Amino acid sequence: MNKTISDIAQMAGVAKSTVSRFLNGGSVSEDTRQKIERIIKQYNYVPNTFAQSLKAKKTSIIGTVVPRLDSYATSQTLIGIDEELRGLQYQMLIANTSQDMQREIDAIYDFARQKVSGIILLAAEITDAHLKAIEDIQLPVLLVGQQHELLHSLIHNDEQAGYLMGKYVVEQGHRDIVYMGVSEKDQAVGIHRKQGFKRAIEECSDCTVRYYETSFKMSEAVLTAAEILQENRPSLIVAATDNIAMGVMKTASFQKVRIPQQMSVAGFGGYDITEMIHPTLTTVKYHYLQAGKLAASHISKLVKGESVSQHTVMDVALIPRESVDKI
């Protein structure tokens, strides 16, 4: 049976508060410290950090709210957050909301009740309800992936990513283009990424672009791509994410459309799998792991009351590969 603080205190012949003070880095006598350390090692005692945090004024837990777990971007960001937090002596709690906005609001309040030190929020959209919850809980909150003037934010340069892609495909000679985007409720992907792409296209005098909306799910991208190819096959489809781009490639394979010989495809994200598939996917690389690490560093500073830039922008990089042909 796992030992408790009370068990450790009884075996050491000291008060429970003394053991708690020792575990939290407080001052105890050298003799007492040695006794407690010996017993902890003998029984492989691991402090219940979560339980401790419920009673502590300052906790070692950071809550992270994510819209979905089946996403490369989310998983890589979480890995970065977790790795950095561990080094900073924090633990991470994750609340998955399955893209349900009310669950995001509930998660913010739930984390506050659990007395986390701060919250990292990965949200597609920030509403008045989000802002009210954040104001109510009076805890440091860092927004990742989206930007809001009232919150500390860490974002990827989506507008620049869209521009880089638009500029590149035009330089490759593509003039009949389809852009498969997502709902503008997601400001980063749905608005800024598309705006950057449009800015590049506007610099081209003879480009024709048709804009379509799909979802982040590959299965829906497959269906949307099928409708597009049935109407009029373009020379290139630019997808708002790598996942959507792979859905397009799947549809092209079903319809015996060769990539890039008969149609080019490009995406955004730089997922690892995009350099494993054939043909390899032209994409814009987002540094999700590094963003996660930086987010953890920023929330740690905010918890300590240290200064952090209100808005931090992560660089992106175009990666030309086999899926886009030069015309």
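Trainee: At what angle do helix H2 and helix H3 pack?

Mentor: About 85 degrees, with the axes 11 Å apart. Keep in mind that this is a predicted model. H2 covers residues 16–23 and H3 covers residues 30–42.

Trainee: So what do we call that arrangement of H2 and H3?

Mentor: Roughly perpendicular, because angles of 65 to 115 degrees count that way.

Trainee: Which residues make the contact?

Mentor: On the H2 side, Thr-18, Val-19, Phe-22 and Leu-23. H3 brings in Thr-32, Arg-33, Ile-36, Glu-37 and Ile-40.

Trainee: And by class, what does the contact of H2 with H3 have?

Mentor: Five nonpolar residues, two polar and two charged.

Trainee: OK, next pair. How do the axes of H8 and H9 sit?

Mentor: They come within 6 Å and cross at roughly 40 degrees. H8 is residues 158–171, and H9 is residues 187–202. That angle makes H8 oblique to H9.

Trainee: Is the crossing left-handed or right-handed?

Mentor: Right-handed, as H8 passes H9.

Trainee: Who's touching whom there?

Mentor: From H8, the contact residues include Tyr-163, Met-165, Val-169 and Val-170, along with Gly-162 and Gly-166. From H9, Ala-188, His-192, Phe-197, Ala-200 and Ile-201 are among them. By class, the contact of H8 with H9 has eight nonpolar, six polar and five charged residues.

Trainee: Switching topic: where does His-156 lie?

Mentor: In strand E5, which runs over residues 152–156.

Trainee: Buried or exposed, that His-156?

Mentor: His-156 is buried: its relative accessible area is 9%, and the cut-off for buried is under 20%.

Trainee: What does His-156 touch, leaving out residues up to four places away in sequence?

Mentor: Tyr-286, His-287, Tyr-288, Ala-291, Val-313 and Met-314.

Trainee: And how far apart are His-156 and Glu-227?

Mentor: In sequence, 71 residues; in space, 31 Å from C-alpha to C-alpha.

Trainee: Let's zoom out. How many helices and strands does the protein have?

Mentor: There are 12 helices and 12 strands. The C-alpha atoms fill a box of roughly 80 × 40 × 30 Å along the principal axes.

Trainee: What share of the residues count as buried?

Mentor: 50% of the 327 residues. The accessible surface comes to about 16100 Å², and 48% of that belongs to carbon and sulfur atoms.

Trainee: Last one: what about contacts between residues 24 or more positions apart?

Mentor: Those account for 70% of the contacts with a separation of 6 or more.

Terms used:
Residues are numbered from 1 along each chain as its sequence is written. This is a predicted model: local features need pLDDT of at least 70, side-chain atom pairs count only at pLDDT 80 or more; totals for chains, interfaces and linings use all residues. Side-chain values use heavy atoms; hydrogens and water are left out. Axes are lines fitted to C-alpha atoms, for helices over the stretch in contact, and angles run from 0 to 180 degrees between N-to-C directions. Helices (H or I, at least four residues) and strands (E, at least two) are DSSP runs, numbered from the N terminus. Angles under 35 degrees count as roughly parallel, over 145 as roughly antiparallel, 65 to 115 as roughly perpendicular and the rest as oblique. A crossing is left-handed if the near helix is turned anticlockwise from the far one by less than a right angle, and right-handed if clockwise. Contact means heavy atoms within 4.5 Å. Ala, Val, Leu, Ile, Met, Phe, Trp, Tyr, Cys and Pro count as nonpolar, Asp, Glu, Lys and Arg as charged, and the others, Gly among them, as polar. Buried means under 20% relative accessible area, exposed over 50%, partly exposed in between (1.4 Å probe, protein chains only). Accessible areas come from the Shrake-Rupley method with a 1.4 Å probe; for residues, only the protein chains shown count as cover.
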